[in-house]
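Hi everyone, thanks for coming.

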Amino acid sequence: MSTRETVQRRDDARVRRCLVALVVLAAGSVMLAQGQVGTPAAPNLGKPVSEAEIAAWDISILPDGTGLPPGSGTPEQGAKIFVAKCALCHGPEAKGGVAAALIGGRPLTDGIDTPKTIANFWPYATTLFDFTRRAMPWQAPRTLTDDEVYALTAYILSLNKIIGPADAMNAQTLPKVRMPNRDGFIPRFPERIP
Amino acid sequence: MKDLEVVAANGLLHRRAFLSGGAALAAAFTGYRLSDTLAAQGLADEPWSRKQGMLVQEYGTPSPYEKHVVRTLSNPKGDTRTQHGRTPHHLLHGTITPNALHFVISHSGNPDIDPAQHRLVIHGLVRRPLVFTLDTLARYPMVSRMAFVECGGNSGLLFSSEPLQGSIQAIHGLVSCSEWTGVLLSTLLEETGIDPRAKWVIAEGADSLALSRSVPIAKALDDAMVALYQNGERIMPGNGYPMRLLLPGWEGNMNVKYLRRLKLVDQPGMSYYEARTYTAILPGGKAYQFYFLQEVKSFITHPSPGLRLSGPGFYEISGIAYSGNGRIAKVMVSADAGRTWAQAALQEPVLPKAFTRFRIPWRWEGGPVVLQSRAWDEGGNAQPTRAELVARRGQTPKPVTNPLAFPGTHFNGPSSWAVDSSGEVRHVYA
């Protein structure tokens with residue numbers, strides 16, 4: 001039996017055990033109260049928490065748009081915010097400074113070390129929203145409003161001519177943006193992709 | 001005297017040459033006799049041996065004579081960009097990286113986390129979302145295991161079309177190995193339950209960039225760990241204090257540090273680091289994404305660039321081999337640029353997804369040689385030759401000159417060290 005098969009069998013066994021735990025859980029809160037959920041190895045010390053309580057932490061945006069908050073912004077609005085909060089590092093009109101340019105990019109056939117940019121590389125526009133919201137501005141992350149993040153996303157996409165200069169970005173429009181390098185990827189080990 | 005068996009060109013000796021009566025043989029064939037030096041000088045009872053010694057420290061530090069055994073830093077002042085600290089493999093031995101020398105990549109500095117306030121949340125496609133404190137996690141059944149952690153960009157300089165001169169620390173310093181102790185993620189997921197629609201787990205850190213990566217659920221349930229301890233003590237701030245995700249054998253960046261959130265989802269998040277940074281552009285312009293594995297690799301640490309041979313005679317060649325696929329099965333060493341090979345001895349225990357130290361005795365005649373190692377893992381995967389790797393993955397159009405550059409990720413070809421007759425060791429392609 002190959003290593004992969006061994007791994008696969010072990011995975012299946014674990015998935016089954018977890019699913020069993022799920023069924024047991026569904027059977028009722030009585031068992032929960034008695035602390036008998038799962039296997040004896042599960043001490044049940046985790047404290048239940050509601051998705052509402054987690055909301056402030058839950059900043060994951062998925063490529064299909066799951067997780068995108070309400071709000072909206074245009075390239076024109078984004079241009080102003082960019083001057084105030086981003087140009088310091090990314091340069092005027094995002095042409096680059098101490099941090100990377102957010103515009104342009106060479107063809108990836110120029111070499112394996114071609115700098116990866118939003119325009120020549122990023123497969124999904126949702127990544128731009130997600131990363132800007134969680135990590136930028138670098139010295140003060142998670143201080144932008146959702147409208148500001150939409151506007152900055154719209155501005156950067158429009159600078160790169162991926163969307164039009166008047167296109168507003170919001171939870172409906174952003175996931176529909178097709179990035180130029182969307183089909184440029186190959187998984188190294190396809191059998192490991194769920 | 002029985003001649004030692006030379007098993008490959010330029011003086012590589014049988015890996016078991018010293019298992020029987022080795023010391024006498026070693027002295028004999030180097031022409032070096034203990035009496036020559038000792039008789040001339042006599043042994044002094046040194047002053048430090050004749051007085052009370054130093055105070056015992058609360059938290060020990062290495063001998064002052066070991067001051068040079070440090071990480072090299074790419075951004076020591078913390079300018080607005082990533083910081084790297086590289087492990088000095090040429091100055092270490094064995095298989096465990098001391099915690100203070102474990103490699104660190106910090107995209108925005110190590111967060112100063114109060115462990116009492118830190119929380120780990122597991123939510124998304126689960127039966128019931130749960131939150132854990134460090135104290136509650138510490139009450140769970142724990143496991144300890146050896147595991148290497150390697151940056152996807154480690155050894156990336158070897159994609160340069162010309163060999164860049166730098167120490168092994170510059171070239172291979174972004175991999176380290178520790179004993180990690182913590183709670184298996186499968187234990188925690190049994191408690192939350194898993195919705196059958198869950199295919200991926202998005203892991204996120206409590207650092208300022210809230211670094212996040214998507215992990216297939218199969219890996220989460222296989223050997224993933226919420227690690228709390230590193231070589232017996234709490235995890236170092238640079239390595240994820242107070243807790244990190246450990247994915248044995250998988251790309252370093254996915255082993256999310258400062259772990260605070262695990263969200264089960266039905267699709268990968270396509271986060272910045274997985275959609276962009278830790279991908280690999282291929283010669284045709286497409287790119288590998290979700291590489292996951294750190295494939296089988298080995299390199300000779302002794303001797304290596306940064307070290308110098310002090311004259312002809314006996315040396316032990318030794319190095320590190322590891323594979324994200326499991327155990328190391330075999331390491332071969334060449335002293336003539338890959339023409340003839342000898343099998344190295346593997347230091348027991350040989351553990352899966354952990355450093356394996358290999359060694360082979362060598363008699364250097366004093367002429368120019370090129371040393372190389374190649375490893376195989378238990379799955380039958382071979383470390384590719386440079387030619388094979390470059391055929392698949394390409395190399396840079398122009399030579400790389402910046403030793404801090406990352407011209408590519410996931411390089412696992414061999415490293416070649418040329419020793420010239422002065423004993424200097426240089427990086428070459430062979």
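How many salt bridges does the rule find across the interface of chain A and chain B? Keep that in mind for a moment, and please remember that what you see is a predicted model.

Okay, the answer: there are 4 salt bridges across that interface. Over all chains, the structure holds 23 of them.

Let me show you two. In one, the side chain of B:Lys263 meets that of A:Asp58, with 2.9 Å from N to O. Now find where each partner sits: B:Lys263 is in strand E15 of chain B, residues 259-265, while A:Asp58 is in the loop between H3 and strand E2 (72-73) of chain A, so this pair joins two chains. In the other, B:Glu204 pairs with A:Arg134 through their side chains, and here the N to O distance is 2.9 Å.

H1(A) gives the most, with 13 residues. Sort that side of chain A by class and you get 37 nonpolar, 11 polar and 16 charged residues.

Now the whole interface. The contact takes 64 residues from chain A and 83 residues from chain B. Between them, the two chains bury about 6600 Å², and 62% of that is on carbon and sulfur atoms.

Next, the holes. By the rule used here, there are 7 cavities of 30 Å³ or more. The largest cavity has a volume of about 270 Å³. It is lined by 22 residues, and the closest to its centre are B:Ile105, B:Arg244, B:Gly252, B:Asn253 and B:Lys257. Strand E5 of chain B, residues 104-106, supplies the largest share of that lining, 3 residues.

Last topic: some backbone details. A cis peptide bond joins A:Met136 and A:Pro137, with omega at about -10 degrees. You'll find A:Pro137 in the loop between H6 and helix H7 (146-159) of chain A. Chain B has a cis peptide bond between B:Glu348 and B:Pro349, where omega is about -5 degrees. Look for B:Pro349 in the loop between strand E22 (345-346) and strand E23 (356-364).

And then there's B:Asn231, which isn't a glycine but has a positive phi of about 50 degrees. To find B:Asn231, go to the loop between strand E12 (225-230) and strand E13 (233-234) of chain B.

Terms used. Residues numbered from 1 in each chain as written. Chains lettered and ligands numbered in written order. Predicted model: local features only at pLDDT ≥ 70, side-chain atom pairs only at ≥ 80, totals over all residues. Heavy atoms only, no water. 1 Å grid on protein atoms, 1.4 Å probe; cavity = no way out; pocket = protein on both sides within 12 Å on 5 of 7 lines; lining within 4 Å. Points joined across faces, edges and corners; volume = space filled by probe spheres on them. Helix = DSSP H or I, 4+ residues; strand = E, 2+ residues; numbered from the N terminus. Contact = heavy atoms within 4.5 Å. Buried area = accessible area lost by both parts, 1.4 Å probe. Nonpolar A, V, L, I, M, F, W, Y, C, P; charged D, E, K, R; others polar.
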